[in-house]
Amino acid sequence: MAYRAPELFDVKTGVTLDEKVDMWQYVTASPGRTALLGVIYTPIIIFVLNILKQLVVPQDPSLPPEVFHWIPFIGSFIAYSDDPLNFLFECREKYGDVFTFTLLGRKVTIALGVKGNNFVLGGKSTAFSAEDAYTHLTSPIFGKDVVYNVPNEVFMEQKKFVKVGLSTENFWARTLQGKEVRSGLDKSFSALSNDLDGGFTPLNLIPLRDHEIAHIMIALLMAGQHTSSASSSWTLLHLAQNVEVQEALYQEQVDHFGNLDGSFRPMTYEGFRKLPVLDPAIHETLRMHPPILSTMRYVRSDVPVPSTLAAPSKDSVYVVPKGHYVLASAAVSQWDPTRWSDPQGVAAQAFKTYSDENGEKIDYGFGAVSKGTESPYQPFGAGRHRCIGEQFAYLQLGTVISNITHKVELRLEDGITEIPEHNYHTMITMPKKPRNVCYRRRRFD
Ligand code: HEM
């Protein structure tokens with residue numbers, strides 16, 4: 001029997017040292033095992049390096065302060081998407097009005113408050129691009145050659161084309177062609193119809209192809225549908241909660257459109273224009289629940305931040321570097337959860353200065369609009385990307401709310417005193433479920 005030197009022999013396993021060395025060499029050389037170790041250790045190393053980078057490496061002082069995050073790439077995505085308002089307010093406490101956070105691999109610089117809104121929404125499209133920020137989301141839905149799938153100046157032409165057709169007068173004429181409108185057709189109808197035709201004049205100037213028209217219609221449907229339905233839901237919930245305002249609204253409708261027998265006359269556009277209960281109810285709803293919480297732009301070239309907004313020191317400025325995204329939040333500048341339907345409140349006041357009739361005018365290529373970038377009230381955005389469906393939306397919301405108020409009284413469910421919280425997990429901020437209202441018909445005839 002062969003003799004084994006004791007020092008080369010492992011008494012527990014019976015394996016010789018030579019064999020052990022061979023096994024070890026085999027283990028280190030195993031590609032599977034190496035890959036496994038790589039899979040385990042690489043994320044840990046990246047995780048640690050990401051933390052060290054944030055804590056140890058001094059930050060470039062010209063860059064806005066960065067929100068600390070634990071997980072690389074994911075960044076603050078979970079906190080932001082779960083409750084963006086809470087996230088933004090908390091960060092504002094720590095970092096001020098301008099700061100950067102990581103959102104799924106992107107660097108997003110937030111600019112808050114009225115000056116922040118102005119910085120982002122009033123920025124030049126050559127520096128802050130909406131198409132670069134949104135095209136990957138919208139092009140698969142709207143289709144090609146429209147909106148963010150074309151250069152900005154082409155989209156502005158498309159907005160102009162649609163905006164003319166979306167005026168309140170045209171809306172009134174086109175969508176109320178039910179029984180009442182048809183029975184009242186007279187010469188004025190042909191005049192309105194003529195106006196409408198006029199609205200399509202740009203069609204002759206820009207030769208739109210069939211697919212472009214179809215894609216614009218899809219875009220309008222997407223832009224207008226959920227924003228309007230979310231806003232009417234929030235308004236109805238608030239009315240169900242605030243019985244006094246609801247009754248004042250009903251009385252206002254009776255005063256303006258009521259007949260002696262308790263029925264209602266068809267509402268006219270003129271009669272509809274100034275309703276001091278309905279107007280603030282809608283404005284306040286859009287103030288507290290702007291369906292689009294924040295707007296984003298892709299940064300195409302380095303942009304200095306005005307020192308009046310935020311600065312690292314008296315003698316230096318922050319620069320938002322090319323490749324970042326910038327984000328403004330209407331909700332942050334509008335948010336004051338304590339008020340609703342306050343006729344003299346900020347929403348009503350800001351709306352007056354911001355409305356197209358009063359604000360500083362500018363033409364971005366889709367007709368003169370009030371600029372509104374410095375307004376604290378921006379449920380419809382501001383600047384060159386400002387909503388063109390605003391008048392349509394007010395009229396539509398007003399008509400829906402008025403008609404419901406004519407017919408029913410609303411209440412929250414028994415035992416419920418608060419309206420639902422925001423659901424931030426949808427693109428358009430909806431009320432969280434359950435979001436029920438109870439109704440009782442006012443008349444049974
Ligand atoms: C309550 C209803 C609505 C709200 C709150 C709303 C809100 C907004 C906001 C915040 C923007 C600016 C987006 C940005 O700057 O990135 C916008 C743009 C726009 N909206 Fe609305 N919207 C509403 C209804 C509508 C309707 C009814 C339509 C069409 C029928 C419409 C069509 C558009 C279009 C075409 C833009 C331009 C986008 C751009 O230039 O980038 N919206 N809207």
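Predicted model: local features only at pLDDT ≥ 70, side-chain atom pairs only at ≥ 80, totals over all residues.
Colleague: How many residues surround the ligand?

Modeller: A residue is near a molecule if its C-beta atom, placed from the backbone, lies within 6 Å of it. Here 21 residues surround the ligand, and the closest are Gly224, Thr227, Gly381, Cys387 and Gly389.

Colleague: Which helix supplies the largest share of the shell around the ligand?

Modeller: Helices are DSSP runs of H or I with at least four residues, and strands are runs of E with at least two, numbered from the N terminus. The largest share, six residues, comes from α12; α12 (210-241) and α18 (390-407) each supply at least two residues of the shell.

Colleague: Is cysteine 387 buried or exposed?

Modeller: A residue is buried if 20 or more other C-beta atoms, placed from the backbone, lie within 10 Å of its own, exposed if 12 or fewer, and partly exposed in between. Cysteine 387 is buried because 21 other C-beta atoms lie within 10 Å. Its place is the loop between β9 (368-370) and α18.

Colleague: Where is glutamate 357?

Modeller: Glutamate 357 lies in the loop between α17 (346-354) and β8 (361-363). Glutamate 357 is exposed, because it has 7 other C-beta atoms within 10 Å.

Notes: Residues numbered from 1 in each chain as written.
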